[in-house]
Amino acid sequence: MAIPDILRTQGDDGTPDSTVPADTASAGMAPESTGTDPESTAPAAIEAAAGAAAGAAGTDLPAPPSEDPEDPLTRVYACLLSRDPARPPAYPADLAAELGLPLSRVESAVSTLLDMGLLRRTPERAVLPVAPDEAVQRTLGPLEREMRARRQHMERTREQLMAFMPLYESHLLRLTHLRQAEYVELLTDLRAVREAITELGRTCEREVMTAQPGGGRRAEVLEEAVARDEELLRRGVRMRVLYQHTARFSSGTCAYVERVGRLGAQVRTLDDEFMRMLVFDRSTAVIPVPDDPHAAVLVREPHVVAFMVGAYERLWLEALPFETEWDRQTIMDISDELKQTIVRLLTEGLTDAAIARRLGLSVRSCRRHVADVMAALGAESRFQAGYLLAQQEREQPGP
């Protein structure tokens, strides 16, 4: 049935009627209820009343009417649509009489339909039906406007908050640089390196671990180190030093080892090359910079330092004590070990110069050792010497 224009949302004077409270009771012309019908407490009425209250508060819409033609909301709305426009506007009491329903149920349905926007009141407090599309506009329009406003507010807030992101990223970058400066420090000047080592030695309290590959050390380096190391030892600081076997054949290194050894320093040697480092109190390490003999890196990151300490401990267990007194058997053992290492490196393809650098030897000494090994084995080539040495090792009886 088409809804006459007169039934749309306008009052008698042609202006929209939206000033009447939704929960106002029916006005004077309607007869009062004479009692409370037991059906007024039915679940449908309770749900309708709860939905009306929520709609009035602007928080939730009432549940839509069911498809049941006996539903009070459907019956009241259909009854108003079927009334002759020429008849006077209807009041809840009129609708209750026409539908044969208790007044309380009709009043509850009218209140819910008013909240849904499907009914409106006339100035005389009667009720008229409203087209659903207009009800949608009147009821959901404010919600849509509110949602748009909230979305706009969210976007503005997001933009305002994200405007601070460059500042925060700059802060993170600054913290990263601070942490890097705290844990890792690059010293590119030899004087700065020496000053840092001197300061670390001055403040060291428990232990110094030194690993110095490369054979015998230069006289000026030993002269600078011996005074600092003797002062540390006199303060009760434990000192361990690792050299390569070739350092035993350096008179200057032997003299240094003898001096610090009197004060309790422990010195050992290994055949192959290892990482150069200084570790103070197991908290700060000094390591070289590749291809720059005048630079060094100070490392304070606890996990990295702990890794370096662990590597040092493993090397220490494999090393032999550095004896300042010449022991013929020890020297022979070390010489044999060096020769075996030389042959092993030769079979791996390293040149004489590379082997010499790795073992802390001069190239001339390295070649002399190679010649001695080949003569002892009766080998005509370096590869043959490696093969014969490996064969000898296989033929040796096991323990």
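**Cavity, pocket and packing**

Analyst: Let me begin with a lining: Val343, Leu346, Val370, Val373, Met374, Arg382 and Ala385 line the second largest cavity. Please keep in mind that this is a predicted model.

User: What makes the second largest cavity a cavity, and how much space lies in it?

Analyst: The term cavity is used because a 1.4 Å probe fits at its points but cannot get out, and about 30 Å³ of space lies in this one. By the rule applied here, the count comes to two cavities of 30 Å³ or more.

User: Which helices supply its lining, and how do you know which residues there are charged?

Analyst: Helix 11 (328–347), helix 13 (363–377) and helix 14 (382–395) each supply at least two residues of that lining, and the largest share, three residues, comes from helix 13. The lining of the second largest cavity divides into six nonpolar, no polar and one charged residue; since Arg counts as charged, Arg382 of the lining is therefore the charged one.

User: What is the volume of the largest pocket, and which residues lie nearest its centre?

Analyst: The largest pocket has a volume of about 1200 Å³. Its lining has 41 residues, and Gln212, Arg218, Val221, Arg276 and Pro293 lie nearest the centre. Among the elements that give two or more residues to this lining are helix 7 (190–203), strand 4 (207–211), strand 9 (292–299) and helix 12 (352–359), while the largest share, six residues, comes from helix 8. By class, the lining of the largest pocket divides into 23 nonpolar, six polar and 12 charged residues.

User: Why are helix 2 and helix 3 called roughly perpendicular?

Analyst: Helix 2 (residues 72–82) and helix 3 (residues 92–99) pack at an angle of about 100°, with their axes 11 Å apart. Angles of 65 to 115 degrees count as roughly perpendicular, and therefore the two helices receive that description. Their contact is made by Arg75, Val76, Cys79 and Leu80 of helix 2 together with Leu95, Glu98 and Leu99 of helix 3, and these residues divide into five nonpolar, no polar and two charged.

User: What makes helix 2 roughly perpendicular to helix 4?

Analyst: The axes of helix 2 and helix 4 (residues 103–116) come within 9 Å and cross at roughly 80°. As the range for roughly perpendicular runs from 65 to 115 degrees, that angle makes helix 2 roughly perpendicular to helix 4. In this contact, Pro72, Leu73, Val76 and Tyr77 of helix 2 meet Arg105, Val106, Ala109, Val110, Thr112 and Leu113 of helix 4, a set that divides into eight nonpolar, one polar and one charged.

Key
Residues are numbered from 1 along each chain as its sequence is written. This is a predicted model: local features need pLDDT of at least 70, side-chain atom pairs count only at pLDDT 80 or more; totals for chains, interfaces and linings use all residues. Side-chain values use heavy atoms; hydrogens and water are left out. On a 1 Å grid over the protein atoms alone, a cavity is a set of points where a 1.4 Å probe fits but cannot get out, and a pocket is an open set with protein on both sides within 12 Å along at least five of seven lines; lining residues have an atom within 4 Å of a point. Grid points are joined across faces, edges and corners, and a volume is the space filled by probe spheres set on the points. Helices (H or I, at least four residues) and strands (E, at least two) are DSSP runs, numbered from the N terminus. Axes are lines fitted to C-alpha atoms, for helices over the stretch in contact, and angles run from 0 to 180 degrees between N-to-C directions. Angles under 35 degrees count as roughly parallel, over 145 as roughly antiparallel, 65 to 115 as roughly perpendicular and the rest as oblique. Contact means heavy atoms within 4.5 Å.
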